Amino acid sequence: MKLSTSLVAIKKITSTVARSSFIDDQLEQAANLILEAAGVINPIIIRRSGIDSFEVVDGHFEYHAATRAREIDPRKAEMIGVFIIESENEETLKKQVELFRQSKADFSEKVALESKDIEQFLINLESRFEKITKQLFEQATTNAKLENEVKDIKKQMADKTELIEVFKTFSPVEIASKLRNAGFNQKKASQIAEIVENERNDQQFKSLNDIVERIKIPHGKKMIKAISSEKMLEIVDQWSGK
C-alpha cells in the first residue's frame, strides 16, 4: 500500500480539541503562512465520521490554523492536505501517530492545565472576545447607518406622497395659497390651481412628474410647463419643511 495525501474541504472536518487550546497569535501566524504557501507542510490525519464528514486524529493545530486561513481568504484556503485513515491503512497510520506524534495527540485529554496554561487560556479567550466585540460593534454601526438611511428614504417618500395629495385633493383656493407660499405670484398661482382642477377632473394625477408634464400654461403661441422639474423639487423641499 502506497501512502498518499488527499485534499479535503476544511468545512467537512471537525476537531475534538478546542481552538482556544492554542495561542491565537501562533494560529494567526500559521494561517498567514498557509495562505502564502497555498497549503500545510504537514498534512493532518483524519478519519471518517460520516458519509461525507471527517474528524481530526492528529494535527489539531494545523487544522485550526487552516480554519483561520479560510476565514481570512476562503478562496485560497478551501481545501487542506490530509492522510485519511481507511480500513487498509488504519493500523499503519495509527502506529505512526502513536510513535512519531504521541506528544501532540489528544492534547486536551492528556495534559493537565497548570497555572501558566490557565493564564494563557484566559488570554486567548480575552483576545477572541475583543475581536468578536469589535466585529459586533462594527456590524451594529453599519446596521444603524442603514436603518437611518431607510428612515430618510421613507420620510422622503412620505413627503412626496403628502405633496401629491395637495394637487389631488386640495381645493383650487388652497392650492393657490400653497403655491404663493412657494414663490408664485397671485395670478400665476390661481392660473395653475385652475388648470390642476381641470386636469385632475379629466384624469387623476399619478405622480409629481405627471403633474409637471400635464400642467401647462400659454406662453405666446406655445404651451409651456407651469411648474418645471427644478421648481417642483424646490416645492418638495419647502413643503416638507427642509
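In these legends a residue is called buried if its relative accessible area is under 20%, exposed if over 50% and partly exposed in between, as computed with a 1.4 Å probe on protein chains only. The model is predicted, so local features need pLDDT of at least 70 and side-chain atom pairs count only at pLDDT 80 or more, while totals for chains, interfaces and linings use all residues. Residues are numbered from 1 along each chain as its sequence is written, and side-chain values use heavy atoms, with hydrogens and water left out.

**View 1. The aromatic pair of Phe22 and Phe61.** A search of the whole structure finds one aromatic pair, where rings of Phe, Tyr and Trp (its six-membered ring) pair if their centres lie within 6.5 Å, and planes under 30 degrees apart count as stacked, over 60 as edge-to-face and the rest as tilted. The ring centres of Phe22 and Phe61 are 5.5 Å apart and the planes stand at 70°, so this pair is edge-to-face. Phe22 belongs to the loop between β2 (13-14) and α1 (24-37), whereas Phe61 belongs to helix α2 (residues 60-72), so the pair ties together parts that are 39 residues apart in sequence; helices (H or I, at least four residues) and strands (E, at least two) are DSSP runs, numbered from the N terminus. Phe22 is buried, with a relative accessible area of 13%, and Phe61 is partly exposed, at 25%.

**View 2. The crossing of helices α1 and α2.** The two axes, which are lines fitted to C-alpha atoms over the stretch in contact, with angles running from 0 to 180 degrees between N-to-C directions, come within 8 Å and cross at roughly 70°. Helices α1 and α2 are therefore roughly perpendicular to each other, given that angles under 35 degrees count as roughly parallel, over 145 as roughly antiparallel, 65 to 115 as roughly perpendicular and the rest as oblique. Among the residues of α1 that meet α2 are Leu27 and Ile34, and those on the α2 side include Phe61 and Ala65, contact meaning heavy atoms within 4.5 Å.

**View 3. The packing of helices α6 and α7.** Helix α6 (residues 172-181) and helix α7 (residues 186-202) pack with their axes 8 Å apart and at an angle of about 135°, which makes α6 oblique to α7. Residues of α6 in this contact include Ile175 and Leu179, and those of α7 include Ala189 and Val196.
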